[in-house]
Amino acid sequence: MNDSTIALKAEGLFKVFGRNAEDAVKKLRAGTPRDQLGGATAAVIDASFEVQRGEIFVVMGLSGSGKSTLIRMLNGLHDATAGSVTVGEDVITHIPAKQLRAIRRKRISMVFQHFALLPHKTVLDNVAYGLEIQGMPKDQREAKAREVTEIVGLAGWEDKLPSQLSGGMQQRVGLARALAADTDVLLMDEAFSALDPLIRREMQEQLLDLQATLGKTIIFITHDLNEAMFLGDRIAVMRDGRIVQVGTPEDILTNPANDYVEQFVQDVDRTRVLTAESVMRKPRAVIHPTVGPHGALKMMRDEQMSAMYVAKRDRTLIGWVTDRDALAAVRAGERDLTRIVREDHGAVSKDTALADLFIPAIEAALPLGVMDDAGRLVGVVPRVTLLAALGGEPAAAQQAAPRPDPLPAAVVDRALEAAVHTGAIDAKEVR
Amino acid sequence: MDFRIDFGQWVTDALTWMQTNLTWFFDLLRTIFLGLYDAVNWVFSTPPTLAVIVVAAILALFARGWKFGLGTALGLLFIVGVDQWDNAMNSLSLVIVAAFLAVVVSIPLGIWAARNDVVSAIVKPVMDFLQTMPALVYLIPAIALFRIGVAPGIFATVLFALAPGVRLTELGIRNVDKEVVEAGQAFGAAPGRILRQIQLPLAMPSIMAGVNQIIMLSLSMVVIAGFVGAGGLGGEVTRALSSLDKPLGFEAGMAVVVLAIILDRFTGAFGQKRGLHLIKRLRERMGASANEAPAAPAASEPQTADARG
């Protein structure tokens, strides 16, 4: 892995409060349990991880697990007792205060749980705060702050005081302040935990949108596993000061490192973590638009299907046809399949969360189609599969296949034979 | 058994040493005290009495509204009515000088104590000492070091009034939301900047409460300072006490009460949102007048539109 793709690296971080901190680190390294350190309290024990550029890295743990201490070590608000933190190429642990301040100004900003806005300054001045400290001239920083204020959806509120805003809006100011500073790394300490559930969800979605457009590296602290699963590209689970597992949300859900993580993920809403891609199965067969109505009808007869997806040779999804439309077309002597292809295939992207598959799955006549980013049909999710995935056993559904009321084979045979008699198709094609 | 701690003797020795070796220092202080006192007293005593009352009433009106304005005017007229105006102005000058000096010393000390635990640990017992020592006791060294007059009065008053200023400043700064201070640090602000932009503004209500307390304690001390010849209302009260002059005692006493209430409400106004609001409004008004030129055409536009319609 190339080093330039790493935005932040923590190596063997320890934070011990109280007396004899150095001794305590030695003891911890030698394997002494955390509760046998005498007077010292170990908040973070041997934390190591790397955060990729443009990644949302979530640190998840219950209160007292050391996650807030950990995040404060990443920008030097807490000194590390041992270990090192590297932001980009700069080591920020054990450096002079002045140098550390310069790195904070340029490289790493922070969003706080209780917003931590300056109550006596306007929204605009709050957003511009980081720029002010960077020494940007007033008109320049105000212009930039206005821009960012608009991005987070607070246009028109620039001259209000924070106390005149709701909690969600205040946190938008906090987010805007961090974004305006234009640092590579953004630390978010329980940033949405103090908000109402509805507002929280809205903010989470907005954060993902912003992340997609701005490509910041975000380190997000939360105690809410659902939030961690929703936001995180990767998640570090912390317990009693130690990182017990680092992995993608799916890793952690399907492959918990120990009982603690397993217990933890029990209550996770699977439908929000698992995606269409993780439960889809191979499409059994697709019809190419070149085969004509009779070919389509024959294929549906052989597959015992009442309808099938139509896709080009490169699997680009065009639409779907029903056997009844095909039958009518065959009877009418039609030779062009495209005229009876329906385009409302309702296929979803492979990254769609399971929770968002239910309604499309109900509406679709066929097993729900799944497309990749290029619009190619890569799989289908039959309704039974969806139900089985909810039960925690996606594999169980692989055998089950829907048989949604195909035409009786005899009817199809008769129609095809009739077509042979009229000379529309060869007898060979029917068999 | 002959157990006797010669504490008094030690203090006396220390004072004697200071008297002989630091004369220049205390003479300098005395000159500063008297200079300040004369300057402030000149401001209050030179203009006609009525002018002072009117100005005070108008300021009161702005600070808290018409009720306070009216009350201020009536209270000051009462002082004139009982023939204590000059004494009251002398006492007021002494309070203002003493309170000013106490603020100048106590706020930086409070800030230092808030930022340094060692300083805090030393300052705390010293402040306990200053605040609980009977006020009259301060007058003894004050006379020894500054001779009779206004100067020892100011010195004793400053010592006595110091404590709440230091305490409330330290408390205010230490109670500033930790996260907001962290926000300043996280964005790379230097400690001095965090103090100026975050800690002091957010601690302002507490600091202003401290200033208010300093002024109130100064006022109560001013009366006691009458014993060392500081004059003013204190002098009158002392005189009334020694000759059991009931009318004089109560007239001078009421004048102190009136001054106390007026000063308390004034400083209280600045400690509360209302006072800060006032300052902000004044600032806005000044800003608005600066922007008046470009704003004027915009304001006249609707009128022309009306005329056309």
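Which residue of strand 14 of chain A does A:Ser349 stand opposite? Select A:Ser349 and look across: the residue opposite is A:Met371.

Before moving on, note that this is a predicted model, in which local features need pLDDT of at least 70, side-chain atom pairs count only at pLDDT 80 or more, and totals for chains, interfaces and linings use all residues. Residues are numbered from 1 along each chain as its sequence is written, chains are lettered from A and ligands numbered from 1 in the order in which they are written, and side-chain values use heavy atoms, leaving out hydrogens and water.

Strands 13 and 14 (residues 368–371) run parallel over 2 bridges. Strands are DSSP runs of E, at least two residues, numbered from the N terminus; two strands pair if DSSP finds at least two bridges between them.

**The rings**

Over all chains there are 11 aromatic pairs. Rings of Phe, Tyr and Trp (its six-membered ring) pair with centres within 6.5 Å; planes under 30 degrees apart are stacked, over 60 edge-to-face, the rest tilted. Select A:Phe49 and A:Phe57: centres 5.0 Å apart, planes at 15 degrees, so stacked. Both are buried (under 20% relative accessible area, 1.4 Å probe, protein chains only).

Go to chain B. B:Phe146 and B:Phe155 have centres 4.8 Å apart and planes at 40 degrees, so this pair is tilted.

Notes: Helix = DSSP H or I, 4+ residues; strand = E, 2+ residues; numbered from the N terminus. Buried < 20%, exposed > 50% of the residue type's maximum accessible area, 1.4 Å probe, protein only.
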